[in-house]
Amino acid sequence: MGEIIIGIVSGMVAALGMGGGTILILLLGIFTELKQHIIQGSNLIFFIPTSIVAIIMNVKNKTINYKNALVIIISGIIGAVIGCEISFNIENKKLKKIFGIFLLCIAIFEIYDFFRQYIKSKKENNN
């Protein structure tokens with residue numbers, strides 16, 4: 001039952017374009033006893049059908065820049081091969097810590113960006 005809830009929450013976040021895979025990895029790490037390598041591999045399988053649905057919806061709504069998407073796809077494939085090779089050579093505990101640091105960096109950036117936007121809007125409203 002827990003995996004169903006994790007899947008639904010992660011799918012909703014993925015559909016919003018906010019990193020459903022990141023949420024999936026985080027929730028599986030907290031609520032299951034799976035090793036980090038297994039969690040990250042499961043995330044990749046999760047990503048295929050959720051991405052297909054998101055692609056269909058975005059094609060329907062005409063929100064895809066195909067030229068940019070092609071460049072990102074090719075670069076992403078290269079990055080995926082490199083990332084897998086690196087990941088396979090990192091022990092589970094270390095990989096978990098690296099992922100935690102990654103999440104922390106994202107959180108810091110998002111908080112910084114929120115305050116930057118808030119200050120910008122305050123300045124615009126005062127002028």
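1. A word on terms before the packing: helix axes here are lines fitted to C-alpha atoms, over the stretch in contact, and angles run from 0 to 180 degrees between N-to-C directions. Helices themselves are DSSP runs (H or I, at least four residues), numbered from the N terminus. Bear in mind that this is a predicted model, in which local features need pLDDT of at least 70, side-chain atom pairs count only at pLDDT 80 or more, and totals for chains, interfaces and linings use all residues. Residues are numbered from 1 along each chain as its sequence is written, and side-chain values use heavy atoms, with hydrogens and water left out.

2. Start with H3 (residues 36-60) against H5 (residues 92-126). Their axes sit 8 Å apart and the packing angle is about 55 degrees. That makes H3 oblique to H5 (under 35 degrees counts as roughly parallel, over 145 as roughly antiparallel, 65 to 115 as roughly perpendicular, and the rest as oblique). On the H3 side the contact (heavy atoms within 4.5 Å) uses Gln36, His37 and Gln40, while H5 brings Asn92, Leu95, Lys96 and Phe99. Sorted by class, that contact has two nonpolar, four polar and one charged residues. For the classes, Ala, Val, Leu, Ile, Met, Phe, Trp, Tyr, Cys and Pro count as nonpolar, Asp, Glu, Lys and Arg as charged, and the others, Gly among them, as polar.

3. Leaving aside residues up to four places away in sequence, Gln40 touches Ile25, Ser87 and Leu95.

4. H5 has 35 residues and reaches 51 Å from its first C-alpha to its last, close to the 51 Å expected at 1.5 Å a residue. The expected span is 1.5 Å times one less than the number of residues in the helix. Which residues of H5 are buried? They are Leu95, Phe99, Leu103 and Asp113, and what covers them includes H2, H3 and H4.

5. Buried in H2 are Gly20, Gly21, Leu24, Ile25, Leu27, Leu28 and Gly29. These buried residues pack against H1 (2-15), H3 and H5. As a reminder, an α-helix has 3.6 residues a turn, so residues three or four places apart point the same way.

6. Now for the H1 side. Ser10 is found in H1 and is buried, with a relative accessible area of 0%. Not counting residues up to four places away in sequence, Ser10 touches Gly20, Ile23, Leu24, Leu27 and Phe46. A polar atom of the Ser10 side chain lies 3.4 Å from the backbone nitrogen of Leu24. For reference, a polar contact is a pair of N or O atoms within 3.5 Å; within protein, one must be able to donate a hydrogen and the other to accept it, and residues adjacent in sequence count only if both atoms are side-chain atoms.

7. Lys62 is in the loop between H3 and H4 (66-88), and has a positive phi of about 55 degrees although it is not a glycine. Is Lys62 buried or exposed? Lys62 is exposed, with a relative accessible area of 76%. Asn65 caps the N-terminal end of H4, with a side-chain oxygen 3.2 Å from the backbone nitrogen of Lys67. H4 has 23 residues and reaches 32 Å from first C-alpha to last, close to the 33 Å expected.

8. Finally, a few C-alpha distances to check in your viewer. Cys84 in H4 is partly exposed at 30% relative accessibility; Cys84 and Gly41 are 43 residues apart in sequence and 9.8 Å apart in space. Pro49, in H3, is also partly exposed, at 46% relative accessibility. Pro49 and Thr32 are 17 residues apart in sequence and 22 Å apart in space. Leu16, in the loop between H1 and H2, is exposed, with a relative accessible area of 61%. Leu16 and Arg116 are 100 residues apart in sequence and 22 Å apart in space.

Methods:
Helix = DSSP H or I, 4+ residues; strand = E, 2+ residues; numbered from the N terminus. Buried < 20%, exposed > 50% of the residue type's maximum accessible area, 1.4 Å probe, protein only.
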